[in-house]
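Please open the structure in your viewer and keep the selection tool at hand.

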Amino acid sequence: MVSPHGVRIHVCVRGSDGALWHMWQTAPNNGWSGWNSLGGWIDLIKVATNADGRLEIFARGGDGAVWHNWETSPGGPWSGWYSLGGWIDRLDVVKNADGRLEIFARGGDGALWHMWQTSPSNGWSGWYSLGGWIDMLDVARNADGRLEIFARGGDGAIWHMWQTAPNNGWSGWYSLGGWIDLISVARNADGRLEIFARGGDKAVWHMWQTAPNNGWSGWYSLGGWIDLLDVSRNADGRLEIFARGGDKAVWHMWQTAPNNGWSGWYSLGGWIDLLKVAPNQDGRMEIFARGGDKALWHMWQTSPSNGWSGWYSLGGWIDQLETWPEAPGNP
């Protein structure tokens, strides 16, 4: 089912009162609503789409548990906040191949815990541990539909585990090496996952599957000096990296051809300290960031896979940021 949102971008933030505030495009590729509060007191935010097209927001509440709030019908009113329990301090939400949402979180023991919808768009399991000791988390879906988890372990390296079949059981944890302290995982146009991370030298490092659903390259540096990171995919299939540089501006670099080589780093200006990228319905990427005035600022490609507008303010006062839909390439 196609969401009645079309592909209108939806932005969720934590406001100065600790509540969840959101705004959305009033039409695909175009203007914006004002800010609206969904209440609560939250400090982590993830947004996902149910199989039936209803948006669902997940966040950590003041009690450390996961709370969620969902549209009661696609594009309709919101349920209010309800607890899913647990005690977490990292959070990601991904859709299984069969459409069921699955939550991944770090528990009070430092291990990875998960829970899942027992059927698409419906009720939830309890919490179950996947073990490990993690600090940073990103979850992606392979080309064959199997979820794969990437996390930083206690040794600072990237560790991963994966579903052994779509919608089903899990491997153990295995190390991919490196020393990293930011993670973003994207999918190339040919289906191969690619990991981007900040290394001990503050540069962007990457590694990639050598074939879809399969083995991995070693680590290679893309240079730069960054302290925020997001990766998206252009309408023509080329991955593009967005990061905050040492001057606090947004910098970007991109594949010069799908699945292949990279440009150098170029500045998009601004002064930012939160960063997310989302796709417009027409394929143009749009960047959202918190500016020095704590408001939400954005800029966008003026045509798909091409040049950029300047920066414009959407107002508000924000201190966490999440967008829907996910950046293309971030499965």
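UniProt positions are given here in the numbering used for this model, feature names are shortened, and annotations may be inferred rather than shown by experiment. The model is predicted: local features need pLDDT of at least 70, side-chain atom pairs count only at pLDDT 80 or more, and totals for chains, interfaces and linings use all residues. Residues are numbered from 1 along each chain as its sequence is written, and side-chain values use heavy atoms, with hydrogens and water left out.

Select residues 8–134 and 182–318, where an unreviewed UniProt entry places the feature "domain: PLL-like beta propeller". Helices (H or I, at least four residues) and strands (E, at least two) are DSSP runs, numbered from the N terminus. Residues 8–134 are 0% helix and 50% strand, with end C-alpha atoms 34 Å apart. Residues 182–318 are 0% helix and 52% strand, and their end C-alpha atoms lie 21 Å apart.

Next, select strand 1, residues 10–15.

Strand 28 (residues 318–324) runs antiparallel to strand 1, joined by six bridges, and C12 stands opposite E322. Strand 2 (residues 20–24) is also antiparallel to strand 1, with five bridges; R14 stands opposite L20. Finally, select G18: this residue lies in the turn of the hairpin formed by strand 1 and strand 2, and has a positive phi of about 80°.

Methods: Two strands pair if DSSP finds at least two bridges between them.
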